[in-house]
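This briefing covers aromatic pairs and pockets. The sequence and the structure come first.

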Amino acid sequence: MIKSYKLQRTIADVIIYVILGVLGVIWVSPLVWLLAHSFRKEGGVSVPYLFPKELTLDNYKALFDTSGTFDYPRWFLNTFVVAVFACIISTLSVLMVSYTFSRLRFKSRKMFINIGMILGMFPGFMTMIALYYLLKAMNLTQTLLALVICYSAGSGLGFAISKGFFDTIPRALDEAATIDGATKNQIFWKIIIPMSKPILVYTVLTSFIGPWCDFILVRIIMGDKRDNYTVAMGLQKMVDREYKQAYFKQFLSGSVLVAIPITILFLRMQNYYVEGVTAGGVKG
């Protein structure tokens, strides 16, 4: 009986690991292909072999040649500036809204929470056309400021996970600080925030990744103003029909470079990221 159970368990483990191995190969293969062919010397969009025969750094060097049709360094800087400012504003907005709903008790609090949760269920692309016409009325289209506003203005609606994390922090700390004469503002900055590193890192990462990777909103707002493109928009332009034969290898190299900062950031902070998600899901 015991041997039969062990045999069944072993077979089940083997099947599970085989399935996971196959899924892992499927998931990693495009990344390996992208990285390998970003060093490809041969021209053209498609090649008849999996790995390039000759490797070169010319594709990466060509990305930083600003005398050509595309200005990749400018796009990279635009993306970084927009992502950093949107991240700062969004992080502050999310944490403040979350703390307010977690700690303060006021009239219509529950109603505002429900409204925020409902609005957060609608995908952002539903409002993009309306956003465009509002920005056009304010003469802000084709500007980086418009992107920062769009990415950060509604960020407070993503308060649910942060609020759940703040709910796990004992209210006795707030009460003790209040007895000692601390204001709500002092409690937030000097007590709650220093104890909330996991959710702070989670909020920073999610607020940074969105602007860094977004394409659709940039496409709508920027139009044909290439100087204000972000990397996602610029890379898409490289594979347009008229450019892809000449710039496909640079497109691959640019895709690798734009993934490096966010990958490093995530790997360095992934433990806090996971802790923030799990702790934020304890209480609603």
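Which helices each supply at least two residues of the lining of the second largest pocket? They are helix 1 (2–37) and helix 13 (244–280), where helices (H or I, at least four residues) are DSSP runs numbered from the N terminus.

The model is predicted, so local features need pLDDT of at least 70 and side-chain atom pairs count only at pLDDT 80 or more, while totals for chains, interfaces and linings use all residues. Residues are numbered from 1 along each chain as its sequence is written, and side-chain values use heavy atoms, with hydrogens and water left out.

**Second largest pocket**

- A pocket is an open set of points on a 1 Å grid over the protein atoms alone where a 1.4 Å probe fits, with protein on both sides within 12 Å along at least five of seven lines; lining residues have an atom within 4 Å of a point.
- The second largest pocket has a volume of about 380 Å³, the volume being the space filled by probe spheres set on the points.
- Trp27, Leu31, Leu34, Leu35, Ser255, Val256, Ala259, Ile260 and Thr263 line this pocket.
- Helix 13 contributes the largest share of that lining, 5 residues.
- The lining divides into 7 nonpolar, 2 polar and no charged residues (nonpolar: Ala, Val, Leu, Ile, Met, Phe, Trp, Tyr, Cys and Pro; charged: Asp, Glu, Lys and Arg; polar: the others, Gly among them).

**Largest pocket**

- The volume of the largest pocket is about 1,100 Å³.
- It is lined by 37 residues, of which Gly124, Cys150, Tyr151, Gly154 and Ser155 are the closest to its centre.
- Two or more lining residues come from each of helix 3, helix 4 (109–120), helix 5 (128–137), helix 6 (144–153), helix 7 (160–168) and helix 10 (197–213).
- Helix 10 gives the most, with 6 residues.
- By class, the lining of the largest pocket has 23 nonpolar, 13 polar and 1 charged residues.

**Aromatic pairs**

- The whole structure holds 18 aromatic pairs (ring centres of Phe, Tyr and Trp, the last by its six-membered ring, within 6.5 Å; planes under 30 degrees apart are stacked, over 60 edge-to-face, the rest tilted).
- Trp75 lies in helix 3 (residues 72–103) and Tyr229 in the loop between helix 11 (216–222) and helix 12 (231–238), so the pair ties together parts 154 residues apart in sequence.
- Both Trp75 and Tyr229 are buried.
- One aromatic cluster is formed by Phe64, Tyr72, Phe76, Phe208 and Trp212.

Technical notes. Buried < 20%, exposed > 50% of the residue type's maximum accessible area, 1.4 Å probe, protein only.
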